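Here is a short briefing on one protein model. Look at the structure first, then work through the points by topic.

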Amino acid sequence: MAKTALITGITGQDGYYLSRLLLQKGYRVAGLLPPDRQASLTKLDELASQIQVCSVAWTDAAGLLKVVEQLQPNEIYNLAAPSFVPDSWNDPLGTLDLVTGTATRLLTAVRQVGIDTRFYQASSSEMFGKVDRSPQDEETPFCPMNPYAAAKLHAHWSMVHHRQRYGLFACSGILYNHESERRPPNFVTRKVCLAAASIKLGLRDTLEMGNLDAKRDWGYAGDHVEAMWRMLQASEPEEYVIGTGQLHSVRELVAAAFDCVGLDWTRHVVVNPQLFRPDEHFQLVANPTKAKQNLGWEPQVSFEALIEKMVLKDLERLQSGAIKPSTVQ
Ligand code: GDR
């Protein structure tokens, strides 16, 4: 019989790639969507018609329990989160409730229904924050530096507690930055790739950037969702650090994107100190050895190939009119 997977945050970048992977594997895929977010299902494009939608608010514990009871999912992937880190300063409590509250309500539902659902929690490298070592692995202490990271850490511990106390098959992937053609333009990779494509087509001339010396471990979202799935197929529920193990600066990202369209980035990029983030002097880079050894997981798409994919897709979108030039200024 086909397995059933329930995904929160299904209309986000990772939701798309994970749904696609699970549908290809023959899963029945259901997505939890709050009643006021039903329209966002169109973000799943060609997958939308294959997804069963469960309409429940994140705060509705009874509603979430009912969904779990009725669906009896083999696997739950909890991806729901406001993922743009700076926004969490504007609404720390809302972030905590969405991130931690949803994880805890779902874990409670699984425990109450008493089924053998395997639970994946989307943890983040932001939980490491002010690191005292690089690269980081599963033993690295956490030191979150913003409300988003603190909320993710609380959700992470909630998952660990449910596993320890109730014996649930619950685990988390501590994921480093992962990008794709589906990344929204407020994230730095997409912002840069869209700008490079727009400048190439003469739709704009400059790009304002924050800290060019900031460094990240950027991987491909399609690779990272594969790791999520593998974690739930393992014999034991465990934490895994998921990243490429390679650090690149924002400067390298900009150079790579402009290189794809044959432009010299130094002629177009302007640094705006107002876009700098305070407390960002730490090198977040993964040591994914455990994932390689236990799950056989390795990233398939290189940094350069990822940036090229993203730039080419934005060129195509702009040329076909899928993105209106007026929105790229
Ligand atoms: P991040 O992603 O905060 O790491 O979180 P983002 O792409 O926003 O920033 C990456 C790095 O680029 C630097 N930067 C800029 N960032 C943006 N957005 N705009 C700029 O103009 C700019 N200039 C420099 C940032 O300072 C930062 O160092 C992502 C999200 O997916 C989280 O949800 C996830 O948990 C973590 O990755 C792992």
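Glu 126 and Arg 216 form a salt bridge, with their closest N and O atoms 3.7 Å apart. Keep in mind that this is a predicted model. The protein is divided into domain 1 (4–175) and domain 2 (184–217 + 246–283 + 301–327).

**Where the domains meet**

- The rule finds 1 salt bridge across the interface of domain 1 and domain 2.
- On the side of domain 1 that touches domain 2, there are 5 nonpolar, 4 polar and 2 charged residues.
- Across this interface, 2 residue pairs are in polar contact.
- In total, 11 residues of domain 1 are in contact with 7 residues of domain 2.
- The two domains bury about 750 Å² between them, and 61% of that is on carbon and sulfur atoms.
- The C-alpha centres of the two domains lie 28 Å apart.

**Around the ligand**

- Both domain 1 and domain 2 give residues to the shell around the ligand, so the ligand lies between them.
- There are 22 residues around the ligand, and Ser 124, Tyr 148, Arg 183, Arg 277 and Glu 280 come nearest.
- By class, the shell has 10 nonpolar, 7 polar and 5 charged residues.

**Polar atoms facing ligand oxygens**

- Ser 124 has a polar side-chain atom 2.7 Å from an oxygen atom of the ligand.
- For Arg 183, a polar side-chain atom lies 2.6 Å from a ligand oxygen atom.
- Lys 191 places a polar side-chain atom 2.7 Å from an oxygen atom of the ligand.
- The ligand on its own has 710 Å² of accessible area, and the protein covers 95% of it.

Notes: Residues numbered from 1 in each chain as written. Predicted model: local features only at pLDDT ≥ 70, side-chain atom pairs only at ≥ 80, totals over all residues. Heavy atoms only, no water. Domains from an automatic or database assignment. Contact = heavy atoms within 4.5 Å. Buried area = accessible area lost by both parts, 1.4 Å probe. Salt bridge = Lys/Arg side-chain N within 4 Å of Asp/Glu carboxyl O. Polar contact = N/O pair within 3.5 Å; in protein donor to acceptor, adjacent residues only side chain to side chain. Nonpolar A, V, L, I, M, F, W, Y, C, P; charged D, E, K, R; others polar. Near = heavy atom within 4 Å. Areas by Shrake-Rupley, 256 points an atom, 1.4 Å probe, with all protein chains shown as cover.
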